[in-house]
Amino acid sequence: MGEAALILALGKRERNLELLAGLLENGGYDVEIATNMGEFDELLQHRDDVALAVLDVDGFTEDIWKRCEQLNNRDIPMLVLAAQIPPAMRQKAVSRGAQTILEKPVDKADLQATIRGLMEYIRMN
Amino acid sequence: MSNSQLTKISTGTTGLDEILQGGFIAKRSYLLRGDPGTGKTILGMKYLTAGVEADETVLFVNLEESADDIRDNASTLDIDLSDVHFLDLSPDSDVFVDEQSYDIFTPSEVEQEPLTTAITDRVESIDPDRVFIDPLTRLRHLTSDEYQFRKQVIAFMHYLKEQGATVLFTSQHSDESSDDDLQYMTDGTIELEHSSHGRTISVPKFRGSSVNEGDHAMRIGQGGLSVYPEISPTEHSRSFEIESVSSGIPEVDELLHGGLERGTISILSGPTGVGKTTVGTQFMKEAAGRGERSVMYMFEETLETFRERSQTINIPVKRMQEQGALEVEEMKPLDCSATEFAYRVRKEVEENDTSIVMIDGIDGYKLSLRDDDDRVLVRKLHSLCRYLKNMGVTVILVDEIDTITGEFQATEAGISYLADNIVFLRHLEVTGEMRKAIGVLKKRTSDFERSLREFKITEHGLKVGEPLTELNSVLSGSPEVAQSASGNHNG
């Protein structure tokens, strides 16, 4: 891959997305962010080069899981973030194709390592 | 480094410099502890402005209050911060806007690095001689655990010292988050307290130099803080000639075999209205005639009443005041603590070479001054009197006893052990007539007359008669005419 991989980040809190984008861009990735479903849908419609989606699910309705299904249908790997991850949520996320689920706050180094691992997985497949 | 090589710098608060025996040791770090409202930030401001006055570069790192708020508060106290550099790291109001809040990473990961970078960048660009960080404990919220916090603080202090700065920082202490550990990481700790007994300042730790121990009094007012160090009697003295101080009334001097000696403590004891203040003032009137200065602290009477009363008995208080021979301070209830009072007396004695100090009276002193209890007040009075003795000051304490006549009692204040001299005054009832008597109960430095004498307060002043040899049982308050005198009288 000559160009930087594109990561799509979705989340309600703008500051979370800014911090996330800063970290990922420092890691050499391109990042597109969406703070609501509409923006997210539009990005998905126009970009067919999304390598990975990072979804901060806090604050969204159950519709968020439909987006997970869409991503899964397009074979886009997903990393789900939430402040609390009860078993029912974990079940929903995994059943809709999420590769990794992390509880916030996450350690920056852990997140970077997880994303590197997911990218490696994508490259291998 | 030996003590002789240590450079001390002013803290900006005179009384604190005195407690620290010169001020902070340069290029060291000091912790300023205290609850909200105890004056930590004000002390820090004065520390910085003292640096400005010494042509130093000074930096205020504010981590909580905004720089604008700090400047506003300073201006209300007449503290000029215009030459103080600020590094404003206070939380921006934007943080409260939802868009600015975050939970994806811990604050320690998000904010610590930019904060450290901001501080180091600023320190390196202005190269300050003094740094004040308010409060340092905010770093605690930006570190993942206590170990990291300690490591961060120690590293930060080392860094600032390497830059050549003297560092003062405040801490916020709570039951959930103690700042006890910070005391181990610094060269000194200053503690500020505010209770119903008033404000106090103490220095529990000060590496490299001795300090004046104890709880010293403090006051917040225009210009910042006033600190009143507790008196250490043994640290003060001056040479003086041991001589008798005359009352100006030969009969009183005869009673005392010359008068009251310089550098002694005398108690004038007696019931209300008997003339204790007048007798004390008589000594000060005579001192004024010799060109000496006296000071009187009135705890139980107003200056106006005292002046008018004295005028009618030929003691020209107003003129003595105008000539600078007498200073009268009317003490208002709860105006100050016993430590602050002692400091005021000390300043008066040292700045004006005062030779007589009169405290009128002891009960008022105990009621008016803010302090824990009677024992503390008496201990502080004892300490003040010992200091005055060492300075050659003649001390007159006025002590009121409750009984008007009847069973004799020298003092009620539990301070008789303090006194070198006890002079007592009594109301007498002799054949249905009210009279007054004066006598000496104790005199450490010389012998004294054992008899009582009658005295009167007249428009010409105090009049004291010959010894009352014709009366028996005078101390009971109801004396009887002695047989021989009775016979003579009848005969």
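## Around B:Ser202

Leaving aside neighbours within four places in sequence, B:Ser202 is in contact with B:Thr189, B:Ile190, B:Glu191, B:Gly214 and B:Asp215. Contact means heavy atoms within 4.5 Å. B:Ser202 sits in strand β9 (residues 198-206) of chain B. Its relative accessibility is 11%, so B:Ser202 counts as buried. Buried means under 20% relative accessible area, exposed means over 50%, and partly exposed lies in between (1.4 Å probe, protein chains only).

## About the model

This is a predicted model, where local features need pLDDT of at least 70 and side-chain atom pairs count only at pLDDT 80 or more, while totals for chains, interfaces and linings use all residues. Residues are numbered from 1 along each chain as its sequence is written, chains are lettered from A and ligands numbered from 1 in the order in which they are written, and side-chain values use heavy atoms, with hydrogens and water left out.

Helices (H or I, at least four residues) and strands (E, at least two) are DSSP runs, numbered from the N terminus.

## Helix packing in chain B

Two packed helices are described by the angle between their axes and the distance between the axes. In chain B, helix α4 (residues 107-126) packs against helix α5 (residues 146-162) at an angle of about 15°, with the axes 12 Å apart. That makes α4(B) roughly parallel to α5(B). Angles under 35 degrees count as roughly parallel, over 145 as roughly antiparallel, 65 to 115 as roughly perpendicular and the rest as oblique. Axes are lines fitted to C-alpha atoms, for helices over the stretch in contact, and angles run from 0 to 180 degrees between N-to-C directions.

Which residues make the contact? From α4(B) come B:Gln112, B:Thr116, B:Ile119, B:Thr120, B:Val123 and B:Glu124. From α5(B) come B:Gln152, B:Phe156, B:Tyr159 and B:Leu160. These residues of the contact divide into five nonpolar, four polar and one charged. Here Ala, Val, Leu, Ile, Met, Phe, Trp, Tyr, Cys and Pro count as nonpolar, Asp, Glu, Lys and Arg as charged, and the others, Gly among them, as polar.

## Helix packing in chain A

Chain A has a helix pair too: α2 (residues 37-46) and α3 (residues 64-73) pack at an angle of about 10°, with their axes 12 Å apart. That makes α2(A) roughly parallel to α3(A). A:Met37, A:Phe40, A:Asp41 and A:Leu44 of α2(A) meet A:Ile64, A:Arg67, A:Gln70 and A:Leu71 of α3(A). The contact residues divide into five nonpolar, one polar and two charged.

A:Val57 lies in the loop between β3 (50-56) and α3 of chain A. Is A:Val57 buried or exposed? At 6% relative accessibility, A:Val57 counts as buried. Not counting residues up to four places away in sequence, A:Val57 touches A:Ile64, A:Trp65, A:Val80, A:Leu81, A:Ala82 and A:Met89. A:Val57 and A:Ala82 are 25 residues apart in sequence, yet 5.8 Å apart in space, C-alpha to C-alpha.

## Aromatic pairs

The count comes to ten aromatic pairs over all chains. Rings of Phe, Tyr and Trp (its six-membered ring) pair if their centres lie within 6.5 Å; planes under 30 degrees apart count as stacked, over 60 as edge-to-face and the rest as tilted. B:Phe24 and B:Tyr47 form an edge-to-face pair, 5.6 Å centre to centre with 80° between the planes. B:Phe24 is in strand β2 (residues 24-25) of chain B and B:Tyr47 in helix α2 (residues 40-53) of chain B, 23 residues apart. Both B:Phe24 and B:Tyr47 are buried.
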